[in-house]
Amino acid sequence: MRKTLSYLLVLSGAAVMLVPFLAALGNSLKSFAQYIQVPPVWVPDPVQWSNYAEVWERAPFGIYLANSLVIAVLAVIGNVVTSATVGHALARMRLPGKQALLTMALGTMMLPTVITIVPNFLLFRSLGWLDTLLPLIVPYWLATPIGIFLMRQTFLAIPRDFEEAAGLDGANPWQVFWRVHLPLAKPALATLAVFTFTTSWKAVLEPVIYLTSPENYTLPVGVLSLKGQWVGNDQLVTAAAMMSLLPMLVVFVLAQRYFVRGTMSAGLKG
Amino acid sequence: MKVRMLAAGTLAVLALAGTASCGGGPAGEPGAVTLRLGFYAGAGDPADTLMRELVKEFTAANPSIKVQLEVAPYVKFFERLRTQIAGGQAPQVWLSDGVLVQEFAARGALADLTDRVRTVDAAAYSGLELNRDGKGRVHGFPQGAQTPVLFYNKKLFAEAGVAEPTADWTYDDLAAAARKLTKDTNGDGRPDTYGFRAYSPGFTESWWPIVKAFGGDVVTDGNRKVAIDTPESRAALDWMLAAMGKDGFAPDYVTTESFGKGAVHTLFATGRVAMSYGIYARTLPAMSAKVDFGVAPLPKGPGGRGNVAIVNSWVVSKAATPEQADAAWKWITYFSGEKPQSRWAELGEAIPINKKAAATALPADRGPVFLEALDASDTLGTNAVWSEYTEALAKRVNEALSGATPVAEALATGQKEAQQVIDRFYAGQTQ
């Protein structure tokens, strides 16, 4: 009985969460006249599959997809590698002022992106990186505050006995990090990878500011670029947004097992 | 080994990402000039397609000029542009919303086009004077114009047996017709069709022209003095409040706001309102939704019709080299020509500023109404802080229209706060 009740609760919660998704799916298959109809209709009639084809006709979505994938994959690699390294150093190594360093890194999380966008623009301009994918990748190779925090917490939770045992077997600090700590941190690494992928995948402000050539656009910029000023093309924008969701969904499903374990253990300290 | 391969692969992709650049640079040939041209449009929209065609024709006729287009949808375009200006990286020529020209100019981003504009036949174009600032300088050349007129749904008028609007209509005539057009067909006590859309978050098609028609004003003295707190403006807002309240022929503030800023302009296209003030571009959603509609001049009030216009304009970056500025001006004069303007008019987005093109390319049933309104129009109170002061003012006016604040109090507060914004910017400035 209790189990049935739990399932019912979970199912009704899931149904509620699905409503916006289903509404968006329905909207992506409407004509413009039906899209703006008041009161709105839930089921498109007729179903306009051609919206999806039109999206591909209007803009080179294959290129946008490739750009987004390149950026997201490199961002994931960069952030996982550097955040794990920095997080490990802050958790396990003796460093003068490491608490202050951590506080400073976390402090940068409080700054809204719009505050730093102009200084960053000037920096990337001086580096000659404007209208390239580099401003959207390289910052992830310098470790992100959330990544540092997540990995530090994870490494702190690993008992010291492990590294002492490895030390007795003759492992140097690098080997302890690589062969002992990193394998134990897999759930957190997966969590960080998913976080980084989704953050990078759905970023809008930075790509809009830094990229000017359509051949360098990312998927969200491509989706937004369909938005007309006078006739909203909202049905096309929604169709494009639905398509852009797919890769993120795949990544989440693949990493789900690790992701859930990682988020559960992220706040624990040994 | 695996790690090394991964590292090598990553470096290779990073290098590729770095070279995927299309940044501006010299055109390469002696005497050649590269022009970065920015404009706003949705990707693949007819405007986007036509602009690219026109640029191709322009560069074919001017082989020494290479044009790099920078296109983005309206909001994103200006978001990027403001950062580009701050970073000294703005395009050499771009299409500006007419209300933002003075904002960019006052911040030193735009070249002064006054001398260049003197070389053209002013009588051949509309909207030139609407771009002139208080000192008589011109920083933008018109690209297309927008001015509100009265849109009406012919089918709903016929069904209600109401005579279509005429140029003689007053606000009393509008109210009388709107009452007859308001219908509650399902008997739930709320109208399904309203006679008129009074309130809109976009004030160009709402309280601004109504205030002026009632004899009020919004800004005076070169658009530096806010002057809305008058009995005439109060009468205008009272008329709107009655339309949305006791007379009930217009959707109220909450109902209208609940549709969202974008959707409010589709109220007419979806047949929820029989009449609405709309700029020229509103013909597009109405036609897309296959509405049988007509347009009429704004009704007359004690202060006239209250016509206002926005002239979207080409502007040239102050940072452009003399060669780039010359090339930019060449583009502007090309785009303003009769042929490109006629082709642009076919999009139905804006009133052509080339008078010959306007006379022939606009639909015969709508064109004259828009052109007459444009000729009679004032600016929309443009100055260097237009976005900020109108935001401050609209916030208070909207409070009045929502019934949250008495009209007199809202206008007094709005005037004071908007004036503070203007004074803060112009304090100590002579220009």
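The model is predicted. Chain B holds 17 helices and 11 strands, and 51% of its 431 residues are buried.

**Overall build of chain B**

- For 431 residues, a compact globule would have a radius of gyration near 22 Å, and the 24 Å of chain B agrees with that.
- Along the principal axes, the C-alpha atoms of chain B fill a box of roughly 75 × 55 × 50 Å.
- Among contacts in chain B with a separation of 6 or more, 71% join residues 24 or more positions apart.

**The five-stranded sheet**

- Chain B has an open sheet of five strands in the order 2-1-3-11-4, with mixed pairing.
- Its edges are strand 2 (65-72) and strand 4 (141-146), each of which pairs on one side only.
- From one strand to the next, the twist averages 20°.
- Strand 4 of chain B runs antiparallel to strand 11 (residues 310-316), and five bridges join the two.
- If you want a spot to look at on this pairing, B:Gly144 has B:Asn312 in strand 11 as its bridge partner.
- Helix 12 (residues 322-335) of chain B packs on the sheet, touching strand 1 (33-40), strand 2, strand 3 (93-96), strand 4 and strand 11.
- The direction of helix 12 makes about 50° with that of strand 1 of chain B.

**Strands 5 and 10**

- Strand 5 (residues 149-153) and strand 10 of chain B run antiparallel and are joined by four bridges.
- Across this pairing, B:Tyr152 stands opposite B:Gly294 of strand 10.
- In a regular strand, side chains alternate between the two faces of the sheet.
- Strand 10 of chain B has B:Phe293 and B:Val295 on a covered face, while B:Gly294 and B:Ala296 are on an uncovered one.

**Helix 16 of chain B**

- Helix 16 covers residues 386-401, and at 1.5 Å a residue its 16 residues should span 22 Å; the end C-alpha atoms are 21 Å apart, which agrees.
- Its buried residues include B:Trp386, B:Tyr389, B:Leu393, B:Arg396, B:Val397 and B:Leu401.
- An α-helix has 3.6 residues a turn, so residues three or four places apart point the same way.
- The buried residues of helix 16 pack against several elements of chain B, among them helix 9 (231-244), helix 10 (253-258) and helix 17 (407-426).
- Helix 16 is followed by B:Gly403, which has a positive phi near 85°.

**Backbone spots worth a look**

- Most residues other than glycine have a negative phi, and most peptide bonds are trans.
- B:Asn223 is not a glycine, yet its phi is positive, about 65°.
- You will find B:Asn223 in the loop between strand 7 (219-220) and strand 8 of chain B.
- B:Asn223 is buried, as 22 other C-beta atoms lie within 10 Å.
- B:Lys290 also has a positive phi, near 60°, in a residue other than glycine.
- The loop that carries B:Lys290 lies between helix 11 (283-288) and strand 10 (293-296) of chain B.
- B:Lys290 counts as exposed, with 9 C-beta neighbours inside 10 Å.
- Over in chain A, the peptide bond from A:Asp45 to A:Pro46 is cis, with omega near 5°.
- A:Pro46 sits in the loop between helix 2 (32-35) and helix 3 (50-58) of chain A.

Key: Residues numbered from 1 in each chain as written. Chains lettered and ligands numbered in written order. Predicted model: local features only at pLDDT ≥ 70, side-chain atom pairs only at ≥ 80, totals over all residues. Expected span 1.5 Å × (residues − 1). Buried ≥ 20, exposed ≤ 12 C-beta atoms within 10 Å, placed from the backbone. Contact = placed C-beta atoms within 7 Å. Pairing = 2+ DSSP bridges. Axes fitted to C-alpha atoms, helices over the stretch in contact; angles between N-to-C directions. Rg over C-alpha atoms; globule rule 2.2 N^0.38 Å.
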